[in-house]
Amino acid sequence: MEEEGSWLGSPAKVRKVTAPAEDDGEGWFSGVPDDVIRHIMSFLPTREAVRTCVVSRRWRDLWRSVPCIDADIIDFRRRDTDEEQYDEEGELAFMLFMNKVMELRYPATIRTFRLRCILDLIEFYDDSSYYAKFEDINRWISHAVQKQIQVLDIVLFCDRLELDHSAFACSYLKTIEFTNVILMKGFFEQLEMGCPAVESLFLDECSIEDARISSKTLKVFTIVSSLFSSGGRITISTPNVTSLELWRPDNGIYVFDDMPFLMSSVLELNDVEDSRDFCQNLRSLSAAKALDVDYFGRELRMANNLQWYTRFNNLVSLTLCQWCLDANFYGLILFLQNSPKLEKLTLKLRMGTPKRIIAELENRSFTSEHLTSVKVKCSRNHPQVNDVVDFFVNNGLTYAQIRIKYWKYWR
């Protein structure tokens, strides 16, 4: 084995690694089985796990088969480097370390692979170096996927990784978390065919080239501030999902197929094509016990008395935003009319938003015998807050059941 000091030490101060002493003085660890030690080491960052090779002769190679790789480029930053300053030495040390780890590991199972990488590539490297680093990262990911991986967590900053999904064929993979990753066309098809055990998918600030997302295995699905490059109609079919969250979508017109096992959802819709799409999206949420729904897309015209909500027979907790007060509380009333078990209602109101719903509702009556708590979050000078309080008091709630929380800024 080559001397670890050349690739393991800090870029600021490389420390030589001395050979283990002949006397394996491990203390109480001497009686602990190797598998138990590896399990304990799996909770360490990979850099620290590798450093245990100096403990004794027995520990020299244990890190090579630890079932977790957890590497963060921050650990390789020089101490004299500002947080916002590009650290070329730290980046090179990190890339060297990861290449050596992947090269020197035994062909053992990798249960968890976590990678935090900040690469400021365009400004400092030519195209060949730029793509070489992304090729290295893709190679690490592909290697991990082939080792019966269960959790894959990749976070990149400064530039997005064009993910090579061709190696995604693993019947053990259950959880995927990507930040700042480009999911090339065909990713979701490959995921469905090659990774039949995936249950949780988290996408943050990703770029997605597929216009259709389909998975029969996903149970937890979260999309945050991500971009669909097609920019048009996005169809999402996840019939077995129990938790769905769509936060701050950058673009696209989203349409969800039915989700009969849904338990909770946070849905921020930036646009739909028409009122039929809007109704379909609400129908897809009908099984949920907890909902948080916002809409800030184009103006929608509803037919008079159109019951565009399905029944929300399981709904206990509901959060709605400013759009539900449009057209004389049209959306709010229809939710109340169709949620017989509703107990807690939260309204997040903001000023200065254009009206989204144009409609009339002849039947405005409702009964909410289980509704015991209404919380209104708004700015202190919101013009509709008194109307909201009067609305609920006139429909049987007491002032004590209605809480107003003022905030200075919309959050």
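**Cysteines**

I looked up Cys324 and found it buried, because its relative accessibility is 0%; buried means under 20% relative accessible area, exposed over 50%, and partly exposed in between, with a 1.4 Å probe and protein chains only. The model is predicted, so I note that local features need pLDDT of at least 70 and side-chain atom pairs pLDDT 80 or more, while totals for chains, interfaces and linings use all residues. Residues are numbered from 1 along each chain as its sequence is written, and side-chain values use heavy atoms, without hydrogens or water.

A search of the whole structure gave me zero disulfides, a disulfide being a pair of cysteine sulfur atoms within 2.5 Å. I also checked Cys68, which counts as buried at 11% relative accessibility.

**Sheet**

I next traced an open sheet of three strands, in the order β9-β12-β14, with parallel pairing. Strands (E, at least two residues) and helices (H or I, at least four) are DSSP runs numbered from the N terminus, and two strands pair if DSSP finds at least two bridges between them. The edges are β9 (212-214) and β14 (253-256); each has a single partner strand, so one side of each is left without a neighbour in the sheet. From one strand to the next the twist averages 15 degrees.

I then looked at β9 and β12 (residues 233-237), which run parallel and are joined by three bridges. Ser214 stands opposite Ser237 in β12. Helix α7 (residues 275-284) packs on this sheet and touches β12 and β14, contact meaning heavy atoms within 4.5 Å. The direction of α7 makes about 45 degrees with that of β14; angles run from 0 to 180 degrees between N-to-C directions, and axes are lines fitted to C-alpha atoms, for helices over the stretch in contact.

**Helix pair**

How do α8 (residues 326-337) and α9 (residues 385-393) cross? Their axes come within 13 Å and cross at roughly 30 degrees. On the α8 side I list Phe329, Leu332, Ile333 and Leu336 in the contact, and on the α9 side Asp387, Val388, Phe391 and Phe392.

My last entry is Gln337, which lies in α8. Gln337 is buried, with a relative accessible area of 16%. Between Gln337 and Ser368 I noted 31 residues in sequence and 7.8 Å in space, C-alpha to C-alpha.
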